[in-house]
Amino acid sequence: MAERKKDFDYFAYFCKCADSICEAAEYLDESLANFDHEAVFDRLTNMHHIENEADLAKHEMTKALMHEFLPPIEREDIVELAAKLDDIVDAIEDVMRRMYMFDVKEMRPEINEFTKLIVKAAEGVKVTLAEFKNFKTSKTIRDNVVAVNTIESEGDVLHAKMYHELFRDGTNERDIIIWSKIFDELEDCLDSCESAVDIVELVIMKNS
């Protein structure tokens, strides 16, 4: 008798995505805290490896889902959450890409304050997804979602503060353009984290 093929573990896949998100966030934080203009391209290359590994995992999941008869949650929710998690890694990589594209030579001191928030949000996503398999009975998953939402709100405040400092400092027009784009990329990292956990909350509401 042929052995039954083991079902794909979608919740384990989501946790694997969260690991990639945390790895990317921590690497960004470390790279910008110890910024070295000469190492930016190498840093971007390493970050792309992290992003590529996340893409490969997504392709594996999508392939399994195409042949899945009865996934644990609705098919469209799996696809949307996978896309949102992928967006987080892409957003983090985009920050590093901007550093390379704009040939940034010195780091603004407030940037590391924002990357610390991204690390916290990434950890919040990871904790949320670790509980996702128990979403019908978990007593903590909603609090985890709220925690990520709160971090995103802190990011909004910091984002406005960074813009204020940028214009108050009398920075030249070229640097204003560069840092404005980088600030917005940083904020997009937190927005992407919030969007991902909002999908988790939606799944909970649909199945309650």
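Predicted model: local features only at pLDDT ≥ 70, side-chain atom pairs only at ≥ 80, totals over all residues.
Me: Is Asn144 buried or exposed?
Reply: Asn144 is buried, because its relative accessible area is 14%, and buried means under 20%.

Me: Where does Asn144 lie?
Reply: Asn144 lies in helix H5, which covers residues 141-168.

Me: How many residues does H5 have, and what span does it reach?
Reply: H5 has 28 residues and reaches 41 Å from its first C-alpha to its last, close to the expected 40 Å.

Me: And what follows H5?
Reply: H5 is followed by Gly170, which has a positive phi, near 70 degrees.

Me: Changing topic to H4 and H6: at roughly what angle do their axes cross?
Reply: The axes of helix H4 (residues 111-132) and helix H6 (residues 173-206) cross at roughly 15 degrees and come within 10 Å. H4 is therefore roughly parallel to H6, since angles under 35 degrees count as such.

Me: Is that crossing left-handed or right-handed?
Reply: The crossing of H4 and H6 is left-handed.

Me: Which residues make the contact?
Reply: On H4, they include Phe114, Leu117, Ile118, Val125 and Thr128. On H6, Trp179, Phe183, Leu186, Glu187 and Cys193 are among them.

Me: How does the contact of H4 with H6 divide by class?
Reply: The contact of H4 with H6 has 19 nonpolar, two polar and one charged residues.

Terms used. Residues numbered from 1 in each chain as written. Heavy atoms only, no water. Helix = DSSP H or I, 4+ residues; strand = E, 2+ residues; numbered from the N terminus. Buried < 20%, exposed > 50% of the residue type's maximum accessible area, 1.4 Å probe, protein only. Axes fitted to C-alpha atoms, helices over the stretch in contact; angles between N-to-C directions. Parallel < 35°, antiparallel > 145°, perpendicular 65-115°, else oblique. Left-handed = near helix turned anticlockwise from the far one by under 90°. Contact = heavy atoms within 4.5 Å. Nonpolar A, V, L, I, M, F, W, Y, C, P; charged D, E, K, R; others polar. Expected span 1.5 Å × (residues − 1).
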